Amino acid sequence: MKRQLEVLAPAGDLKTLRTAVIAGADAVYFGGESFGARAYAANFSFKDAEQGIEFAHSRGARTYLTVNTLLKSLEIEKQVYDYLKDYYNAGIDAVLVQDIGLMQLIRAYFPELHLHISTQANVTSEYGARFFQRLGASRVVLARELSLEEIKRIHDAVAIELECFAHGALCVSYSGQCLMSSVIGGRSGNRGRCAQPCRKCYDLLDLARKKRSVPGKYPISMKDLCTIEDVKALYDAGCSSLKIEGRMKSQEYVGAVVSAYRQIADEVMDDREPDDAEMIRDAVLHSGTRGGGTDGYLHRRNGADMITFTDSSFLSVGPSSFFVKEKKTRAASVFTARVGKPLSITISDGNREIRFEGPVAERARKPGNVTEEIKDKIVKTGDERIEITDVSVDADSDVFVPMSLVKGLRREAVQRFLGGITIDRGEPLSFEPMKPQKNKGKNDDRMLVTCMTGAQLKVVSAFLRNSDIIGINYDLYSLMNADDIAGLCQKKYLCLPEILRSDKLPQIDADLFDGFIVSSYDEIEYVHERYPAKPAIFDYRLYSWSDRSRKELISFGAEYICAPLELNEKELSHIDESSSFICVYGRTPVMYMANCSHKNSVGCDKRREVLYLRDERKADFPVVNLCSSCTNVIYNSLPTSLIPFAGKISEMGFAGFRFDFTIEKTDEVSEVLNTFQKNIKENASEDIRADVTRGHFHRGVS
């Protein structure tokens, strides 16, 4: 059977949903009143969602609910089940999810509901796809940064549906890995409140704070994606669904874009070569775009031609000619109501006919002529695609026919006649909330320290005890001598690459290391398959905002996990963090990018350097290009220091303390470690310097 190519459209409101379906979308995705990654979109009331689901299903289209934010314990245990149950009963076809604890809840209590893994889960290889397949997902939304070759590799290796971004806005950071809006202003992208700092003006500076020459003031603002000329290539690579971004876009924009991709997708599935894709691309971009459009990462790793540089605004030139109105069918109907026999309705248009039966008709206590009333209910279809102009009623004079039943039979018959979707599944299982788990006892005093340079490693190695763990950044490991690594007396854990990609799998001498630090679901599966005997520490980028998500991560074999960076002190104390390291010092990575600021300014010379993005407030954000994994990391302008609260944190029951050293010089590394030890031993509250941040330890995110 030929694989279908779904055109998946966004819907910010009910009008846009209807437009998308009429324009040819096979499925639509939308957010409800809670837990969606577009908190500032209009989103749907539940009443609108019910109407939208019914409208889409009546036209053979599926509906997907976005529940792709991270959830706190009280939300996941007291709110989300009832929220999902309403949509489940309304007939939602699938749910898009990022939170690993929510995935577990859906599998346990809504086993018949399709689980789609959101792009925020950052699946970049066949390992991540296989991980979520084992968890019961039917689909993964792949990272936007993948090439056609990588998509094909995943498709060939794992029997799971692959959804690929085809059109619309591009984040410059790997999705789900951006904390920049969160650390700057407390608006977390993981809660759907991103303030889009990537669309702001920045100067690109070198290490000496001199300006680098780039074409404009927007060095990290991506052009909008447009793959209309690559639809066949995406299909051949194994893409099952073309995702159009734009839940905050206009009804006219969505209609035009969906119509265009519908036309091309149909041609591709019919084995017809699209010969007017270039013309259609121009017409689609006329409807609105940022930067003129790019085919993204499909054919290259990165590049300056993908950045807007001079303007980050979305521009709409005018309406497109692509949107087509829904066609109307004229039909006739026969309604039969005989006592003791099933009620039935037939609809036909001369070419095709369907018959649908209901319950057995009963005799009326007070007979009356209901013919005209039945006709009236059947004529009023409420569906713009069909007009029933001729209704015949074949009914006994003493039959009892509730009009609500007539309307239900008509609705079902019309839906079947027009090719609608009927959902038939059981009730969700009864929910049992997980009891809250609080930290107990004092912290263990072990330390986990990660290093990015050899000079840092020497200082740290001399400071730590044998029971502590030293984490060696993969980019550093690729430059080191094996004897130097073997000579370290502490437990040695290799930090796997910031992003695991199929074409750059790490080359590792596993015998040199006691374990691994993993920071993605791809890497959990990678270690599980390649190095099953080695323990792993799960980085804070594997989010555990609730007891349910924490417990789920531990079940995947984590020796330790790391406490989330966006929860405050009170929220952390309400979760059992006895298996978690808490980061008390480090520059928070606020973005992980496939695009390279070093390459975009001086070209690709495989040389690692530290650049800075200076914003309008004169804050400098370090940017490091890690060539071993072809990844750029942007760090917060200030390091986070919880060192003055070391004694207090020591009473909170964590597994230990974590320190991350990135661009620090050796004297700074020594100062951090010595000040921390002094605070612990003397119950002091000194800090390393004034220009630090407390991160979210006091404020958290809403």
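**Figure 1. Strands β27 and β28 pair through five bridges and run antiparallel.** This is a predicted model, in which local features need pLDDT of at least 70, side-chain atom pairs count only at pLDDT 80 or more, and totals for chains, interfaces and linings use all residues. Residues are numbered from 1 along each chain as its sequence is written, and side-chain values use heavy atoms, with hydrogens and water left out. Helices (H or I, at least four residues) and strands (E, at least two) are DSSP runs, numbered from the N terminus. Two strands pair if DSSP finds at least two bridges between them. Find valine 610: valine 624 in β28 stands opposite. The hairpin of β27 and β28 has five residues between the strands. In this hairpin, lysine 618 takes a positive phi near 70°. Lysine 618 is not a glycine. With a relative accessible area of 61%, lysine 618 is exposed. Exposed means over 50% relative accessible area, buried under 20%, and partly exposed in between (1.4 Å probe, protein chains only).

**Figure 2. Strand β28 is covered on both faces.** In a regular strand, side chains alternate between the two faces of the sheet. On one side of β28 sit Asp620, Pro622, Val624 and Leu626. Phe621, Val623 and Asn625 are on the other. All of these are buried. Seven of the seven residues of β28 are buried.

**Figure 3. Strand β28 also pairs with β29 (residues 631-635).** Four bridges join these strands, which run antiparallel. Valine 624 has valine 633 in β29 as its bridge partner. Four residues lie between the strands of this hairpin. Cysteine 630 takes a positive phi near 50° there.

**Figure 4. Strand β24 (residues 558-562) is largely enclosed by the rest of the structure.** Why is β24 described as enclosed? Four of its five residues are buried, so the rest of the structure largely encloses β24. Strand β23 (residues 536-538) runs parallel to β24, with three bridges between them. Alanine 536 stands opposite alanine 558 in β24. From β23, the chain passes through helix α18 (residues 547-555) to reach β24, a right-handed β-α-β crossover. Right-handed means that, with the strands pointing away from the viewer, the path from the first strand over the helix to the second runs clockwise. Strand β25 (residues 580-586) also runs parallel to β24, joined by two bridges. Here cysteine 562 has phenylalanine 581 in β25 as its bridge partner.

**Figure 5. Tyrosine 109 and phenylalanine 431 form an aromatic pair.** The whole structure holds 24 aromatic pairs. Rings of Phe, Tyr and Trp (its six-membered ring) pair if their centres lie within 6.5 Å; planes under 30 degrees apart count as stacked, over 60 as edge-to-face and the rest as tilted. The ring centres of tyrosine 109 and phenylalanine 431 are 4.9 Å apart and the planes are at 75°, so this pair is edge-to-face. Tyrosine 109 lies in helix α5 (residues 100-109), and phenylalanine 431 in the loop between α13 (403-417) and β19 (446-451), so the pair ties together parts that are 322 residues apart in sequence. Both residues, tyrosine 109 and phenylalanine 431, are buried. One aromatic cluster is made up of Tyr81, Tyr88, Tyr109, Phe110 and Phe431.

**Figure 6. Leucine 505 sits in the loop between β21 (491-495) and β22 (515-518).** Is leucine 505 buried or exposed? Its relative accessibility is 15%, so leucine 505 counts as buried. Which residues does leucine 505 touch, not counting those up to four places away in sequence? They are Tyr127, Arg153, Leu500, Tyr526 and Arg530. Contact means heavy atoms within 4.5 Å.

**Figure 7. Glutamine 196 has a positive phi, near 55°, though it is not a glycine.** Glutamine 196 is in the loop between α8 (180-185) and β8 (203-205). Its relative accessible area is 41%, so glutamine 196 is partly exposed.
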